[in-house]
Every structure is written in structure tokens, then in C-alpha cells.
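Colleague: Before we go through this chain together, please show me the sequence and the structure.

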Amino acid sequence: MIARADGTGVPSYPDPAGTYCSAGYGTLILCSVHTTILACKGVQNDFRAALGPFPSNSPDLFTYWGGVWYRHGYFSYENGSSYSIDIGTIYPHGYGKNSTPFTTLGNPFTTAEFVVENGKVVGFGFDDDVSDLPVKPGGSVKETSQVWFDRKD
């Protein structure tokens with residue numbers, strides 16, 4: 001988990017945890033420490049096993065993304081509507097004969113920008129910092145992001 005300075009704050013909008021869909025990246029469920037749906041229990045337990053307990057007021061988000069090169073995503077709240085995204089894999093039961101939990105989460109991959117309309121989160125977008133895709137100039141987050149996820153719940 002990311003250690004924060006006192007007073008870093010939390011988002012001024014409702015908890016962005018929920019189900020999101022992208023035409024190119026599929027569906028993912030973002031979980032927070034407050035999420036009680038069954039699909040998030042395993043994700044929360046995986047993160048706790050590898051990274052330890054997290055504060056009950058943490059604004060961070062967690063997901064099992066199931067990609068080929070990585071399995072988990074950690075969205076660390078920065079400020080406003082920005083979250084730093086870190087991707088990797090959590091091994092909650094270790095690997096092979098070593099049962100010590102560990103993770104390949106490391107440095108942030110990119111920054112996600114959540115969009116709030118009428119007090120509700122409608123989606124988030126980010127740029128794929130590892131590719132050479134062009135960044136679109138001007139416009140809304142949805143229009144300029146290389147990757148966009150619509151909120152479905």
C-alpha cells in the first residue's frame with residue numbers, strides 16, 4: 001500500500017468502486033475497502049496477503065484484471081479525480097515450494113482520470129504509457145484517453 005502524508009484527503013465524490021467495461025479491454029470490477037460484494041472478497045484478501053492490512057479509510061482501489069502478463073491492478077488515489085495505476089500479479093500463497101505471499105506490483109504504470117457527472121462516477125480513462133499510441137489533443141477525458149472504461153453499475 002502507498003503511505004500517504006497526513007491530510008492527503010479522499011475524493012470529493014462517491015466511492016468509485018464498481019463494474020467498468022471497455023470495448024478493447026473487457027470488464028473489470030474495481031473494489032475498495034468498503035466493497036462488500038462477493039467478487040471483491042478474494043481480491044481484497046489477495047492484496048492483504050501480499051501487502052498487509054490497509055486503513056479502513058483508504059481511498060485506493062483494487063482489481064483482478066486477468067491479463068496475460070499481469071493479473072492485478074492497484075489504483076492509488078493521488079488527488080482530485082486522479083489515481084496512479086500499478087499492474088502486476090499477486091501470489092497470495094507464494095509460488096512453488098515457497099508459500100510466502102509476494103507481488104510483482106512495482107512502479108506506477110500510468111494515471112487514471114475518473115469522470116464525475118451529476119455526483120456520479122461515469123467512467124475513467126488513461127493513456128497507455130508503454131506504447132507509442134498518439135495522445136489525442138483537446139476534448140474530454142473520454143475523448144482524449146487511449147483507454148476508456150464506462151461504469152456499468
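Modeller: From the N terminus on, the elements run β-β-α-β-β-β-β-β-β-β-α-β, which gives two helices and ten strands in the chain; here helices (H or I, at least four residues) and strands (E, at least two) are DSSP runs, numbered from the N terminus. This is a predicted model, in which local features need pLDDT of at least 70 and side-chain atom pairs count only at pLDDT 80 or more, while totals for chains, interfaces and linings use all residues. Residues are numbered from 1 along each chain as its sequence is written, and side-chain values use heavy atoms, with hydrogens and water left out.

Colleague: What percentage of the residues count as buried?

Modeller: Buried means under 20% relative accessible area, exposed over 50%, and partly exposed in between, with a 1.4 Å probe and protein chains only. Of the 153 residues of the chain, 41% count as buried.

Colleague: How many salt bridges does the rule count?

Modeller: A salt bridge is a side-chain nitrogen of Lys or Arg within 4 Å of a carboxyl oxygen of Asp or Glu, and by this rule the count comes to two. K142 pairs with D150, their closest N and O atoms being 3.6 Å apart, and D153 pairs with R151, where the closest N and O atoms are 3.0 Å apart.

Colleague: Which of the terms buried, partly exposed or exposed applies to K142, to D150 and to D153?

Modeller: K142 counts as partly exposed because its relative accessibility is 46%, and D150, at 25%, likewise counts as partly exposed, whereas D153 counts as exposed at 57%.
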